[in-house]
Amino acid sequence: VLFRSLASSIHTQTDLNEVLLLLYRVAQEIGGFDRASIFLHDQESGFVRGVWGTDREGNLVDIREHIFIAEEDEGLNLLCHSGLPYLFIEDFEQRYQVAPGDAMYGVHNLAQIAIRTENRLLGYLCVDNLLSQRPINEVEIRLLIPFIQQAALVIHNTHLRAESQRAKERQKYLEEIGASIRANTDLDAIMHQVRDVVLQIGVFDRAGIFLYDAQRELLHGTWGTDREGKIESIAQQVFDRPTAESLDLWRVIEHRLPYRIIENMTEALQLPTEHFMYGVAYHACLPMIVGEEVVGLLAVDTLPTKRRITSKHTEMLLPFVGQAALAIRNARMLEERQRSLDRQRSLSLLASAISTNTDLKELLRLSREAIVQGAGFDRAGIHLVDEAGDLMLGTWGTDREGNEEDIHGHSNSILHAGHTTQLTVTEYGRYRLIDDYTGR
């Protein structure tokens, strides 16, 4: 009767909770075990969650508060990697040094029976005879397997329906939020929002957003996630090309790949223990591209839970990342336009002040300020050539911290000021551009 109930539930789509209760009854009534507990593996979240179990007095209890990371479940990992139908532990108490007072104290024979479909481990049924201390017969374990196979089909079908529904909801959410991000013009707010949205869909544990400077081949961090899963500013993270290559980030930029996934980042890249990415297993990165222009990079991982990142997960993000990239490019263009307007306004004001000023010292100071503020340079220095044409006389300059500096006491002979200065003054006339001053 129990077998027929399980079989019919596959076709009638009986509530999963009822199916698991049937399986629990099978373990006690068909298998004859004192206690049973059922745990399901949620591959997407990376957690193992209890469902139904038996307390130390033999009563049915709800154990849904029992949640732990799948990577830390030795039995689950052995069942997963070995492909065995079940594990039999002869003396659980001795093997795990269970102390008095522990819920599992006194358990000797114990079996963990895999709940699996052909290619997916869905969880396991755990049985023991704590109350009677009767030895477990492996024939009794094998007797449960046909029932578990029936239950596995129900669980699998339920998971597929739930996954399909979650995928639809996530896609709808990403489409809706993508439209609102496109309408945003604040670049920092966009980066912050992109990071938050990626984590809110419930697949990834951590996310970091970088802006790409194509001219200097640099990735500039904006917003990310610390090792505890909290939001943090990563503005201090600036990766040049060699650093990006060492983290396997560069090839998605260089080759315009849609995404890249690494299954064991720490091992694959041989990261040292002090590295800020040490311990990361699954890691993915997606370039943020508009046309052929790379504007940024999204990096995600599952450091806390170690859960898998699949192509399905990353491909789900592609439309959203495209919308975010467009928003970033538009916000950058607006920022650049605003900077240009600010520079023009600053230049106009300074030009007006310069044209009405008759104090040479003040005029030169305002000219240096116009060059820095209006033209957008970090530093500028103005030198006058003396009447004889032999000396360069300092007036106003900029120190190494970017502050205005009075350099009236600085003078150099043009003949001894260096080849570059001589040529600029005597031959090039208006200006000369040097690509690598220090190196030259």
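In what order do the strands of the open sheet of 6 strands run? The order is β5-β2-β1-β8-β7-β6, with antiparallel pairing; strands are DSSP runs of E of at least two residues, numbered from the N terminus, and two of them pair if DSSP finds at least two bridges between them.

The model is predicted: local features need pLDDT of at least 70, side-chain atom pairs count only at pLDDT 80 or more, and totals for chains, interfaces and linings use all residues. Residues are numbered from 1 along each chain as its sequence is written, and side-chain values use heavy atoms, with hydrogens and water left out.

Select the edge strands, β5 (67-69) and β6 (86-89), each of which pairs on one side only. On average, neighbouring strands of this sheet are turned by 20° against each other, direction ignored; the axes are lines fitted to C-alpha atoms.

Next, select β2 (residues 47-50), which is joined to the antiparallel β5 by 3 bridges. Arginine 49 has isoleucine 67 in β5 as its bridge partner.

Helix α2 lies across β1 (35-42), β7 (110-116) and β8 (121-128), at about 140° to β1; helix axes are fitted over the stretch in contact (heavy atoms within 4.5 Å), and angles run from 0 to 180 degrees between N-to-C directions.

Finally, select leucine 393 in strand β17 (residues 391-398). Leucine 393 counts as partly exposed because its relative accessibility is 33%, between the limits for buried (under 20%) and exposed (over 50%), with a 1.4 Å probe and protein chains only. Across the protein chain, 43% of the 440 residues count as buried.

Terms used
Helices (H or I, at least four residues) and strands (E, at least two) are DSSP runs, numbered from the N terminus.
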